[in-house]
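Here's a quick briefing on the chain shown below.

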Amino acid sequence: MQSGQPRHALPLTYSPAEVAKALDCSEWWVKEQARRRRIPFIRSGSGYRFTRAHVDEIFLIFEERPEQPNIPRTAATSTRRRVPEQVEGPTVRLRARRPRRARSAA
């Protein structure tokens, strides 16, 4: 390589154990989330690997923010009652069945 050309290094990857330590969770949980395709990852021959960009995205995925931070709860809740919808046509009254134990004993 010539000294004037920029070096293109491969991205550093992290193991599930290292990601779990950063997230303060178990290694099993990280692997399970990757297996269920809930978090980004790289699948290599040795299992799951994560780049710094993946870890940053995982933090954003599981970040929770308040919905409306400046509105008090009392003003946000409604005190109006819901009016039941009118159902057109005949209604069938449902009856509960006897438990299986009672049916088989009779």
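α1 goes past α3 in a right-handed crossing. Their axes sit 11 Å apart, at a packing angle of about 40 degrees. Keep in mind that this is a predicted model. The rest of the picture builds out from that helix pair.

**The α1–α3 pair**

- At about 40 degrees, α1 and α3 are oblique to each other.
- On the α1 side, the residues involved are Val19, Ala22 and Leu23, and they meet Val55, Ile58 and Phe59 of α3.
- α3 covers residues 52–61, while α1 covers residues 16–23.

**What α1 buries**

- Which residues of α1 are buried? They are Pro16, Val19 and Ala20.
- Looking down the axis of α1, you'd find these buried residues within an arc of 100 degrees, so they line one face of the helix.

**The α1–α2 pair**

- The axes of α1 and α2 come within 8 Å of each other and cross at roughly 110 degrees.
- With that angle, α1 and α2 are roughly perpendicular to each other, since 65 to 115 degrees is the range for that label.
- From α1, the contact takes in Pro16, Ala17, Val19, Ala20 and Leu23; from α2, Glu27, Trp29, Val30 and Lys31.
- Val19 and Leu23 turn up in the contact with α3 and also in the contact with α2.

**What α2 buries**

- The buried residues here are Val30, Glu32, Gln33 and Ala34.
- They pack against α1 and β3.
- Val30 is buried, is part of the meeting with α1, and also touches Cys25.

**What α3 buries, and what it shows**

- His54, Val55 and Ile58 are the buried residues of α3.
- Down the axis of α3, they too fall within an arc of 100 degrees, so they line one face of the helix.
- Their packing partners are β1, α1, β2 and β3.
- What does the face of α3 turned away from the buried side carry? Arg52, Ala53 and Leu60 are there, and they are exposed.
- Val55 and Ile58 are buried and also take part in the contact with α1.

- Ser15 belongs to the loop that links β1 and α1. Its relative accessible area is 17%, so Ser15 counts as buried, the cut-off being under 20%.
- Setting aside neighbours within four places in sequence, Ser15 is in contact with Arg49 and Phe50.
- Cys25 sits in the loop between α1 and α2, and is partly exposed at 28% relative accessibility.
- Not counting residues up to four places away in sequence, Cys25 touches Ala20 and Val30. Ala20 is one of the buried residues of α1.

- Most residues other than glycine have a negative phi. Two residues here go the other way.
- Is Asp24 buried or exposed? With a relative accessible area of 72%, Asp24 is exposed.
- Arg37 follows α2 and has a positive phi near 60 degrees. Its loop runs between α2 and β2 (42–44).
- Arg37 is exposed as well, with a relative accessible area of 62%.

**Whole-chain numbers**

- The chain has five helices and three strands, in the order β-α-α-β-β-α-α-α from the N terminus.
- Of the 106 residues in the chain, 17% are buried.
- The accessible surface is about 10,600 Å², and carbon and sulfur atoms account for 50% of that.
- Take the contacts between residues at least 6 apart in sequence: 40% of them join residues at least 24 apart.

Definitions and conventions
Residues are numbered from 1 along each chain as its sequence is written. This is a predicted model: local features need pLDDT of at least 70, side-chain atom pairs count only at pLDDT 80 or more; totals for chains, interfaces and linings use all residues. Side-chain values use heavy atoms; hydrogens and water are left out. Helices (H or I, at least four residues) and strands (E, at least two) are DSSP runs, numbered from the N terminus. Buried means under 20% relative accessible area, exposed over 50%, partly exposed in between (1.4 Å probe, protein chains only). Contact means heavy atoms within 4.5 Å. Accessible areas come from the Shrake-Rupley method with a 1.4 Å probe; for residues, only the protein chains shown count as cover. The arc is that of the directions from the helix axis to the C-beta atoms. Axes are lines fitted to C-alpha atoms, for helices over the stretch in contact, and angles run from 0 to 180 degrees between N-to-C directions. Angles under 35 degrees count as roughly parallel, over 145 as roughly antiparallel, 65 to 115 as roughly perpendicular and the rest as oblique. A crossing is left-handed if the near helix is turned anticlockwise from the far one by less than a right angle, and right-handed if clockwise.
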